[in-house]
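Hello,

Here is the structure for you to look over. My notes follow below it.

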Amino acid sequence: YRQKGTGMARAGSFQSPIWVGGGVVFPPRPRDFRKKVNRSTRQLALRKALSERLKGGDVVVVEALSLGSPKTKDFARHLMQLEVGTCSTLIVSCGEDDRNLLLATRNIPFVELTTSDVLNTYQVLRFDKLLFSRSAFEKVGQRLAQ
């Protein structure tokens, strides 16, 4: 509209925040809140968390985690026999591509499957029980010894 004679203030653009449908004065900006943690500090945290879980008796080590078939029911029964089926469980495998284990565990609530190469402190602290295969436990030990 005209600048003079209308009785309205000069507001500038229609994108101004004072107009309905205009911009936002201080909009949220995407920010990165990540903090760099040194590798030695991460290893120390994982070592400490695992040692505390071992002292607490929350770690179960079995010889092998290989399955003959990808049946969730069979694996759930196996977890009940190991007395870890009623609580949240982290299953740590060696890292070989065991498709049957992956398929059998993915539909059980509160059960997560990971490998010894990518095991982190958050996972160790988050779950009630930790179920390791012997080879995965040795791999984690070698990883933390470095």
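**Fold and overall form**

The chain has five helices and four strands. Helices (H or I, at least four residues) and strands (E, at least two) are DSSP runs, numbered from the N terminus. Starting at the N terminus, the order is α-β-α-β-α-β-α-β-α. The chain is more spread out than a compact globule, because its radius of gyration is 27 Å, well over the 15 Å that the globule rule gives for 146 residues. That radius is taken over C-alpha atoms, and the rule is 2.2 Å times the number of residues to the power 0.38. Along the principal axes, the C-alpha atoms fill a box of roughly 90 × 40 × 30 Å.

Please note that this is a predicted model: local features need pLDDT of at least 70, side-chain atom pairs count only at pLDDT 80 or more, and totals for chains, interfaces and linings use all residues. Residues are numbered from 1 along each chain as its sequence is written, and side-chain values use heavy atoms, with hydrogens and water left out.

**Burial and contacts**

Of the 146 residues in the chain, 25% are buried. Buried means under 20% relative accessible area, exposed over 50%, and partly exposed in between (1.4 Å probe, protein chains only). Among contacts (heavy atoms within 4.5 Å) with a separation of 6 or more, 66% join residues 24 or more positions apart.

**Charges and salt bridges**

The chain carries 24 positive and 13 negative side chains. Lys and Arg count as positive, Asp and Glu as negative; His and the chain ends are not counted. The centres of the two sets lie 17 Å apart, with each charge placed at NZ of Lys, CZ of Arg, CG of Asp or CD of Glu.

There are seven salt bridges in the structure. Each is a side-chain nitrogen of Lys or Arg within 4 Å of a carboxyl oxygen of Asp or Glu. Among them:

- Arg-134 pairs with Glu-63, closest N and O atoms 2.9 Å apart. The pair links distant parts of the chain, 71 residues apart: Arg-134 is in helix H5, Glu-63 in the loop between strand E1 and helix H2. Arg-134 is partly exposed at 37%; Glu-63 is exposed at 58%.
- Asp-74 pairs with Arg-77 at 3.4 Å, N to O. Both lie in helix H2, three residues apart, about one turn of the helix.
- Glu-112 pairs with Arg-126, closest N and O atoms 3.2 Å apart. Glu-112 sits in strand E3 and Arg-126 in helix H4, 14 residues apart.

Best wishes
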